[in-house]
Amino acid sequence: MSKRQLAMVMDLNKCIGCQTCTVACKTQWTNRNGREYMYWNNVETYPGTGYPKNWMELGGGFDAAGDLQPGVIPNLEADYGVPWDYNYDALQGGASFEPNVEPTWGPNWDEDEGAGVFPQDNYFFYLPRICNHCTNPGCLSACPRDAIFKREQDGVVLVDLDRCQGYRYCIAGCPYKKIYFNPKISKSEKCILCFPRIEQGLPPACAQQCVGRIRFVGFLDDEEGQVHKLVNKYKVAIGLRTDYGTQPNVYYVPPTESPAKFDANGKIIEGSTRLPIEELEKLFGPEVHGAIATLKAEMKKRKETGESELMDILIAYQHSDMFRLDNNYYQQVAKESGQHLLAPVDNRYVTGKHTKAGHVMKFFHGGDVKAGGHH
Amino acid sequence: MKKLTSTLVALATLATAVAADSAIDARKVTTSLDKVSNTSSVWNGAKFSTVTLYPQTTIEFNDKKANEINAENKAVKAQVAAVYNSAKIAFLIKWPDGTKNVQQGNRTDSYADGFAVQFASNYANPAELPYIGMGSEGRQALIHLQKQVVKFYEPNGNGDVATQVNPNQTELFGKDLKVFNAKVDTLASLDYEKSYVGEGFRSMTEIKDGSSNSQSTMTYGKNAWTGTLSRSLKDTYVDLNAAAIPVAFAVWDGEKMGRNGLKYLTAWTAVVFQKGDNTLVNALHGKIEGDATKGKESAIANGCTGCHQMEKTDAASLMGPSLTNIGGYATVDYLRESLVKPSAVVVPGYNRNAHSNYAWYNIENGKRVSTMPDHSWMEKADIDNIIAYLKTLKAEVK
Ligand code: SF4
Ligand code: SF4
C-alpha cells in the first residue's frame with residue numbers, strides 16, 4: 001500500500017462510447033514501437049467479449065484466501081487483434097485499397113451488439129477500462145523480478161523497464177489484463193496514469209479529453225475532492241470486479257437508469273427495465289444496490305428541492321473541480337526526494353507554432369525544419 | 001505388504017541417486033578463445049562429460065497454460081566440454097530439443113529457447129555455494145544468458161525516440177519510407193546475450209556497464225542445440241583461476257513457454273583444471289552417505305511433508321518450496337545446511353505478495369529468518385539419511 005492513492009471515477013451513465021479517451025491514450029503512448037496492438041485505455045460494450053477477448057475468464061487476481069491465481073496470457077491474433085493498416089504507399093501505383101493483414105478480430109469487434117432481443121429487450125452500456133492501479137496489484141505479485149512497483153507518493157503502478165525481462169507472469173496475474181507484452185522490446189508495458197502529466201498538474205489524457213466528462217481524478221484521501229466524495233462519502237462509485245482481490249482504484253458510478261422493455265406489439269412495459277441488475281452485481285458486487293438507491297434518492301431530492309451536492313458533482317461543471325491533482329504536492333515530493341519531475345508529454349507532440357520542429361522531421365531531413373512540424 | 005512395496009520403490013529410486021554426474025575435465029589450450037563457436041577447432045580434443053538438467057519445480061509460477069504443459073517434465077541430459085587458456089575459459093553445451101523456438105517480434109505468446117552458464121563469486125568453501133539458479137544473499141552468482149529472440153528494440157537511453165514511431169504514422173512515402181525503415185533497422189539488437197548478478201529471487205540485475213565480458217553462440221541442428229560461451233577467467237564478479245571451479249547450466253525450451261524459473265538446470269558441477277586437490281569434486285560429486293529408505297521414514301516422522309511437497313505424487317504446498325526435483329539440482333552440503341541452519345540461505349520470498357498466508361520467512365532485525373524449524377538437534381546419521389532420501393527426489397531422464 002502506498003502513502004497516498006490517486007484514483008479515477010468514471011460515471012457510466014454518461015459514457016457515450018465515443019472512444020475519444022482511447023484515441024487520446026493511443027496517440028500519446030501506444031501508436032508505436034510494439035505497442036500498436038495495446039489499448040491502455042479501451043471502451044468495450046457490456047455485455048460483450050471485451051478487450052482482450054473474454055478477459056474476465058483469463059484468470060489472475062487473488063482468491064478469498066489471498067492466494068494469487070494462475071492466469072492465461074492472451075494471444076495477439078485471437079484475443080487482442082492484430083492492428084491492421086492499409087497500403088497507402090501502393091495506391092500511387094494504382095493498386096486497390098487493401099488491408100495489410102486480413103482482419104479476423106480486434107477490439108470492439110462486437111461493439112454495440114450487447115444482449116437481448118431487438119427491439120423488445122436488447123441492452124448494453126459502455127465500459128471504459130484502464131489499469132486500476134490496484135492497491136494489491138496482481139501484476140506486481142506475479143513478477144519474479146521485482147520489476148513492477150507501486151509509487152509511494154500516489155500509488156501509480158509502473159513497470160521498471162530496466163528490470164523487466166519479458167517473462168509475462170504479470171499478464172497472467174492481472175485479472176483485468178491491463179498489462180501487455182511488447183514483443184518488439186521484449187518487455188511488459190502498461191497504463192502509467194499519465195504520470196508525467198499528473199506531476200505537472202494535468203489529468204491523464206483520457207480524462208482530460210473525455211467528451212462525456214465522465215472521469216474524475218483525485219487523491220482518495222483528499223476529502224474536499226470529488227473523487228473522495230463519490231467513493232467514500234456517497235459510496236456511489238465502486239471498483240470493478242473487486243472479487244478479484246486486487247483492490248482496484250478506478251471506481252465506477254453504475255448505470256442507474258435504462259429504458260423500459262417493449263412487449264411483442266412494441267408497447268412499453270411499464271415499470272420494466274432493460275438492464276438486468278444481476279449483470280451490474282456481477283461487475284460491481286452487492287454494493288451496487290446501495291449505490292443505485294443513493295443515486296435515485298439524490299436525483300429525486302434534486303428534482304424536488306433543487307439541491308443535491310452529489311448531482312452537482314456528477315454534472316461535472318468544472319474540470320478544475322473534477323481533477324484535483326494538487327500540483328504542489330508533486331513539487332513537494334520531488335523536492336524532498338531530490339528527483340526531477342518529468343516533462344509533461346513526449347515532445348514530438350508539442351510541435352506547434354511557437355515551438356521547435358519535431359524530432360521526426362529533424363531526424364528525417366537531417367536537420368531542423370521550419371517550425372510548425374507536420375504539414 | 002504395503003510397507004514392503006514402498007521400501008522397494010525407495011530402493012529403486014535410490015539406485016538412480018548414486019549415478020550422479022561426474023566432474024568436467026577442462027582442457028588447456030594455447031589457441032585464442034576470443035571467438036568461439038560450435039565449429040571451433042578447440043573442441044576437437046576436448047573431453048565431453050554428461051550433465052543432467054532437471055526441471056525446476058521449487059517454485060510454481062502463475063501461468064496456467066505453462067504449468068499444464070510442464071507438469072510431466074522429465075530431466076534432460078546434455079554433453080558439456082570446457083577448454084581454457086591463460087586468460088579465458090570456454091564451454092560447449094549440447095542438449096536435445098525437438099523444436100527450434102525463436103521468440104517472435106509480433107506475438108505476445110512466443111518464447112525463446114536459450115541457455116545459461118552460472119558461476120559462483122566465492123567458492124572457497126564448497127559447502128556454502130550460492131543458491132542454485134540465482135544466487136543468494138551474500139553469495140553472489142554470475143549468470144551468462146543467451147536466448148533466441150528475433151531482433152528487438154530495447155529502450156537504449158540514446159533518446160532516438162523519433163525512430164520509435166510506427167512507419168505508418170510518419171508522413172513518409174516511397175523512398176523516404178525505405179530510408180526511415182533502414183535507419184530503424186540499424187537500431188535493433190540481434191543478439192539476446194546478457195549477463196546478470198544474482199543474490200536470490202527478485203534480486204537478479206543485468207550487468208550493463210560492460211564490466212563482465214562474454215561471448216556466446218547458439219546453433220540448432222539435428223534436434224539439438226549447441227551453445228558455446230567464452231569469458232575471461234577473471235572479472236569484477238568472479239575469479240576462475242583455481243584448481244577447480246563450480247559451474248551450473250540451465251536450458252530453456254520455448255516450446256514449453258520456458259522463461260526464467262520455467263527451465264531445466266543442473267546442480268553445481270565441478271570443472272577441474274588441475275588434478276590433485278579433490279575438495280570441490282568430493283563435495284559436489286562424492287558418494288552419498290546415508291540410507292534413503294530410513295531417510296524417507298525420518299522425513300515423514302519429522303513432518304517435512306507438512307510444508308513441502310516431497311514426491312511428485314504428494315499434494316502441492318504453498319508453504320515450503322517443492323522438493324520434487326531437489327535431489328537433481330541441490331548439493332549434499334546445501335541440503336545439510338538447509339536442515340541444520342535453515343536461515344543461512346533464505347531465498348527472498350517469491351511468494352510474499354502472491355501468497356501472503358504462507359510466509360516462508362519473517363524479517364527479524366533486518367534479516368530473513370526462515371519459518372522452517374532448525375533440525376540441528378538431529379543425530380548426524382539421521383540427517384545423512386534424510387539427505388540421501390532428498391537426493392533421490394528428482395525426475396527421470398527423458
Ligand atoms: S489493473 Fe492489472 S496491471 Fe493494473 S495494477 Fe491492477 S493488476 Fe496491475
Ligand atoms: S471519452 Fe469519455 S465518453 Fe468518450 S468513450 Fe471515453 S470515457 Fe466514454
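Q: How much area do domain 1 of chain B and domain 2 of chain B bury between them?
A: In this predicted model, the two domains of chain B bury about 2400 Å² between them, with 56% of that on carbon and sulfur atoms.

Q: And which residues in domain 1 of chain B lose the most area to domain 2 of chain B?
A: Those are B:Thr58, B:Tyr131 and B:Phe201, which together account for 20% of what the domain 1 side buries.

Q: Where do the domain bounds fall in chain B, by the assignment?
A: The domain assignment gives domain 1 as 2–149 + 191–285 and domain 2 as 292–390, and the centres of the two, taken over C-alpha atoms, are separated by 24 Å.

Q: OK, switching to helices: at what angle do the axes of α5(B) and α8(B) cross?
A: The axes of α5(B), residues 292–301, and α8(B), residues 380–390, cross at roughly 100 degrees and come within 7 Å, which makes α5(B) roughly perpendicular to α8(B).

Q: What kinds of residues make up that contact?
A: They divide into five nonpolar, three polar and three charged; among them are B:Lys294 and B:Lys296 in α5(B), and B:Asp382 and B:Tyr389 in α8(B).

Q: Now chain A: why is helix α8 largely enclosed?
A: Six of the eight residues of α8(A), which spans residues 226–233, are buried, so the helix is largely enclosed by the rest of the structure.

Q: What do those buried residues pack against?
A: The buried residues of α8(A) pack against strands β1, β8 and β10 and helices α11 and α12 of chain A.

Q: What comes just after α8(A)?
A: There A:Lys235 takes a positive phi of about 55 degrees.

Methods
Residues numbered from 1 in each chain as written. Chains lettered and ligands numbered in written order. Predicted model: local features only at pLDDT ≥ 70, side-chain atom pairs only at ≥ 80, totals over all residues. Heavy atoms only, no water. Buried < 20%, exposed > 50% of the residue type's maximum accessible area, 1.4 Å probe, protein only. Helix = DSSP H or I, 4+ residues; strand = E, 2+ residues; numbered from the N terminus. Contact = heavy atoms within 4.5 Å. Axes fitted to C-alpha atoms, helices over the stretch in contact; angles between N-to-C directions. Parallel < 35°, antiparallel > 145°, perpendicular 65-115°, else oblique. Nonpolar A, V, L, I, M, F, W, Y, C, P; charged D, E, K, R; others polar. Domains from an automatic or database assignment. Buried area = accessible area lost by both parts, 1.4 Å probe.
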